[in-house]
Amino acid sequence: MSDLAFAVLRTLADGKFHSGEAMAQQLGCSRTLVWQAVHHLESEFGLTVFSVRGQGYRLPQPFTLLDVASIRAGLDEQAASVFTLALAEEIDSSNTQLMTRAAHGAPHGLVLAAERQTAGRGRLGRRWQMRLGAGLTFSLLWRFERGLSGLAGLSLVVGIAIVRALREFGAPVALKWPNDVLLEGRKLAGILIELSGDALGPAAVVVGIGLNVANPGEVDQPVANLADAGIKVGRNALLAALLNQLAQVLQQFDRDGFAAFRDEWHQMAAYLQVPVRLSFSHGEPVDGVAVGVDDSGALLVDTTSGRRIFHVGEVSLRPQA
Ligand code: BTN
């Protein structure tokens with residue numbers, strides 16, 4: 001049913017009325033199937049569809065689907081030469097798909113953007129959900145020659161690319177270690193990096209990014225979105241801007257490692273020189289003052305027992321006593 005629902009959505013995307021009969025004719029199916037597809041758009045995709053007797057169906061406003069030509073039109077020369085774009089209407093997870101394709105020899109620079117993920121994944125086994133059209137969910141495949149051990153700091157560098165791109169549109173965003181992008185203190189975007197390869201040999205890295213452009217609907221944590229902050233940008237233009245920055249930072253990271261980005265990360269960081277709590281999936285949390293990151297991207301925290309270095313953990317602002 002999702003395939004037909006997307007076909008109906010493509011017709012309704014102009015925001016005008018379309019009769020069930022005309023759509024049935026155009027799509028070569030029955031009016032009942034069209035009605036079921038419209039119902040699917042509402043119940044499964046979270047869209048509102050107006051239905052008016054004698055006129056047909058209409059979306060409240062035009063809907064812009066992801067479009068390869070529009071994205072490509074926004075790419076600069078560097079990004080256009082390094083990235084190959086692929087779009088999927090509905091998949092389980094763009095990360096899962098690219099990890100599988102990577103194992104089957106998919107090329108460096110392959111980008112897979114999904115209109116809808118049925119099993120989008122976040123860090124630490126969390127889910128990543130989003131109403132259709134409310135944001136971007138995409139992954140890219142990057143092959144590094146330096147081996148897995150040279151990739152410390154990669155996720156921080158991806159955060160830098162996202163912040164650079166969002167600031168072009170005037171979004172006052174900041175980074176929370178290791179790689180959440182915050183807007184007005186709430187999470188706007190998340191990054192999920194998955195790796196396969198050898199410690200020293202070539203490594204395939206899948207960088208997955210989820211970003212809320214509009215209200216994502218019901219999700220399991222308080223989040224921010226660009227529209228509510230008054231930032232208006234189309235998804236295709238935004239994806240192109242992100243890819244332009246990603247091409248730059250990934251190429252430089254490949255050459256110079258994280259040390260070259262450390263100062264910029266500090267400038268973009270939220271929660272520096274403030275009391276934080278670092279939590280872990282196992283064990284007691286650690287309280288201290290976050291003072292920065294080292295040349296590998298590890299977090300430096302001043303605690304009552306001295307400066308400590310963390311490679312994993314979840315940072316939150318420490319409630320004041
Ligand atoms: C996080 O927990 O902060 C990371 C969220 C990453 C979500 C993105 S959406 C595109 C890609 N595909 C996935 O299944 N996850 C990532």
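Arg146 is partly exposed in this predicted model, with a relative accessible area of 29%. His40, by contrast, counts as buried, because its relative accessibility of 15% falls under the 20% limit. A ligand is also present, and it sits in the largest cavity.

**Arg146**
- Arg146 is found in the loop that links strand 5 (135-144) to helix 7 (154-168).
- Arg146 and Arg167 are 21 residues apart along the chain, and their C-alpha atoms are separated by 31 Å.

**His40**
- His40 belongs to helix 3 (residues 31-43).
- Not counting residues up to four places away in sequence, His40 touches Met1, Ser2, Ala5 and Phe45.

**The ligand and its surroundings**
- There are 20 residues around the ligand, of which Ser93, Gln117, Arg121, Arg123 and Lys187 come nearest.
- Lys187 places a polar side-chain atom 2.5 Å from an oxygen atom of the ligand, and Ser93 has one 2.8 Å from an oxygen atom of the ligand.
- For Ser94, a polar side-chain atom lies 3.2 Å from a nitrogen atom of the ligand.
- The ligand taken alone exposes 410 Å², and the protein buries 99% of that area.
- Helix 6 (94-103), strand 5, strand 8 (186-197) and strand 9 (203-212) are the elements that give two or more residues to the shell around the ligand.
- Strand 8 supplies the largest share of this shell, with four residues.

Note on methods: Residues numbered from 1 in each chain as written. Predicted model: local features only at pLDDT ≥ 70, side-chain atom pairs only at ≥ 80, totals over all residues. Heavy atoms only, no water. Buried < 20%, exposed > 50% of the residue type's maximum accessible area, 1.4 Å probe, protein only. Contact = heavy atoms within 4.5 Å. Near = heavy atom within 4 Å. Polar contact = N/O pair within 3.5 Å; in protein donor to acceptor, adjacent residues only side chain to side chain. Areas by Shrake-Rupley, 256 points an atom, 1.4 Å probe, with all protein chains shown as cover. 1 Å grid on protein atoms, 1.4 Å probe; cavity = no way out; pocket = protein on both sides within 12 Å on 5 of 7 lines; lining within 4 Å. Sits in = over half its atoms within 2 Å of the grid points.
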